[in-house]
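Subject: Structure handover

Hi,

Here is the structure for you to look over. My notes follow below it.

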Amino acid sequence: MQPSGTPALEANGISLRFGGLTVLNDVSLEVGQRQIVSLIGPNGAGKSSLVNCITGFYRPQRGTVTVFGEDVSGLPPQKIAKHRVARTYQNIELFDGMSVLENLLLGRHMHMSSGPISGGLWWGKARNEELREREVVEDLVDFLELESIRNAPVSLLSYGQRKRVDLGRALAQDPHILILDEPMAGMNVEEKEDMVRFILELQETRAISIVLIEHDMGVVMDISDRVAVLDFGQFIAMGSPDEVKNDPAVIRAYVGGAKEIAS
Amino acid sequence: MPLIAMETGRFDENHRQQVRVYDTPHRRFWILTLLVVGFVIVPFAANQYWLTVLGLIGVAAVGGLGLNVLVGYTGQISLGHAAFAAVGAYSCGIMTTRLGLPVWLAIPAALLCAGLFSLIFGVVSLRVKGMYLAIATLAAQYLVEWALHAWNLAGNDYGLITFEPIEIGAFNTATPVGRYLLIMACLALVVLYVENLTRTRTGRAMIAVRDQDMAAAGIGVSPFKYKLIAFFISSSIAGLSGVLYGFSAGIVSAEAFTLTLSIQYLAIILVGGLGTVPGAVLGAAFITMLPIVLRDGLPIIGIELAANMQVHLLSVLFGIAILAFLFLESKGLYGLFRNIKDYFRQWPFSY
């Protein structure tokens with residue numbers, strides 16, 4: 001196991017610019033082991049951009065990212081994934097041509113090793129591996145209650161189901177760090193409750209550290225260990241849910257304040 | 001009522017039963033029938049003409065399956081597959097006829113050559129997609145056509161190279177039956193290979209790259225690596241198609257591997273059904289049979305056409321067929337077959 005003192009995830013001084021537009025300005029974030037840290041902030045504040053920087057999809061101009069003390073800055077997404085960082089996507093990026101099971105099996109990709117020869121010949125190793133991983137994936141199907149749709153093509157599923165498969169694919173990677181980009185957007189109360197149940201169970205049973213981007217303040221304040229508030233590419237507050245709730249800067253960002261109106 | 005009952009009452013007891021390709025007894029029965037007809041009955045019953053036609057379909061099907069790995073499963077386009085087939089055919093021809101290497105060594109080596117050659121163009125796929133990749137692979141086409149003429153690889157000015165028949169005991173590809181069996185055996189192996197590939201790790205990663213290359217990277221699949229693997233596998237299979245063509249024709253020239261063939265491969269998988277194994281075979285049969293039906297079928301219904309008209313009409317029909325499939329049934333012949341099957345599965349209660 002990792003030393004418990006090392007933070008699971010540490011982003012240090014991340015600055016990201018697209019041309020003349022500064023998206024993130026010297027942003028630092030630390031996620032302790034087994035913590036749930038929520039990122040909140042108005043639309044366009046840079047939450048998804050920060051996540052994209054952490055997972056290697058964007059390359060920030062400055063700053064470093066470390067995972068359990070290992071520097072992963074500048075690595076491509078597929079290398080960062082190998083450090084057991086998994087994520088879901090705001091716009092659900094599933095593999096539409098495949099079934100739920102195949103999408104989940106793809107999450108197991110880096111835990112498998114068969115190549116085009118053994119796979120194409122359905123040889124002992126590849127076959128055993130497929131069957132072994134199939135069992136791992138079936139456990140996930142149970143956990144996420146996807147039994148009835150396991151063979152359905154994901155393109156035919158409802159929005160809520162697709163969100164769940166997206167989470168399943170990330171979980172199949174057996175991550176140490178899980179980044180959830182608006183996992184509850186567009187869901188009804190019941191679906192949100194399910195999702196929260198899944199997240200809490202994960203944190204408890206699998207010892208996963210979670211970064212959560214979410215707009216539902218009720219959920220955020222209930223389940224987060226720490227909350228970080230991003231506005232115009234900068235953190236304006238960070239702390240326990242209660243501290244953040246009463247922070248004047250946060251209230252100003254969300255509902256506006258006297259100063260803003262005056263200027 | 002076999003049609004209605006064929007998929008009910010299935011209770012898989014373990015994962016091994018679940019991942020079987022031919023899962024129902026019904027399907028296994030048809031596959032077995034197909035194998036028996038293909039390998040036992042046809043060689044005895046068919047005359048030389050039909051053996052040759054079926055052989056041509058087989059060669060086209062192998063090429064189509066090869067291109068399907070790249071286009072249908074990995075979502076990368078190639079207009080240069082005739083060139084990769086040519087590399088396969090010429091490597092094999094040169095190694096066996098001119099260097100005197102044994103066939104069992106020359107064929108795998110030829111496939112390796114075709115695969116490695118295609119990697120040059122696979123590297124391009126890191127930077128360019130779609131239309132631009134198509135143009136880049138078109139370069140392969142012209143490069144190979146030019147090289148065959150200019151470098152005199154075959155030892156004569158026409159780029160002609162002969163293939164000595166393979167002879168193992170009673171099996172001899174100098175006979176029509178021998179050629180037919182060689183092609184069909186290779187086709188069966190390629191079908192099995194592609195079918196297995198696409199249900200295991202590597203194939204899934206390719207499909208992931210096709211569907212969502214960014215998300216593929218996010219789960220640890222390197223899109224570039226799998227594009228290269230797809231190029232290699234796809235072109236090796238195309239190379240095999242070239243080799244088979246060589247053995248069935250006995251002699252090949254550069255004219256056999258022009259851009260037209262590359263486009264024919266694309267037509268095969270478009271008409272048959274992108275990203276499906278049976279689709280490539282059905283498409284190959286369709287594209288190969290079209291001119292034959294046109295030539296032999298039209299006189300039967302009383303339409304006599306001049307030879308040059310036939311050629312033109314063929315191009316027109318070719319175009320119409322592709323357009324029709326793109327507009328009406330984007331999943332191709334195999335999609336059509338599945339729709340019909342689904343209809344009858346629920347018939348007469350389609351609700």
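One term before the findings: the bend at a residue is the angle between two axes, one fitted to the seven residues ending there and the other to the seven starting there. Also keep in mind that this is a predicted model.

Helix H3 of chain B, residues 25-45, has a kink. The angle is about 35°, and the kink is centred on B:Val37. H3(B) is also hardly covered. Of its 21 residues, the number that are buried is zero. For chain B as a whole, buried residues make up 45% of the 351 residues.

Now the fold of chain B. The chain has 15 helices and four strands. Take the contacts between residues at least 6 apart in sequence: 74% of them join residues at least 24 apart.

Next, the interface. Chain B puts 27 residues in contact with 35 residues of chain A. On the chain B side, at least two residues each come from helix H2 (15-18), helix H8 (176-197), helix H9 (201-211), helix H10 (213-218) and helix H11 (223-249). Which helix gives the most to that side? H9(B) does, with nine residues. By class, the side of chain B that touches chain A has 13 nonpolar residues, nine polar and five charged.

Best wishes

Note on methods:
Residues numbered from 1 in each chain as written. Chains lettered and ligands numbered in written order. Predicted model: local features only at pLDDT ≥ 70, side-chain atom pairs only at ≥ 80, totals over all residues. Contact = placed C-beta atoms within 7 Å. Nonpolar A, V, L, I, M, F, W, Y, C, P; charged D, E, K, R; others polar. Buried ≥ 20, exposed ≤ 12 C-beta atoms within 10 Å, placed from the backbone.
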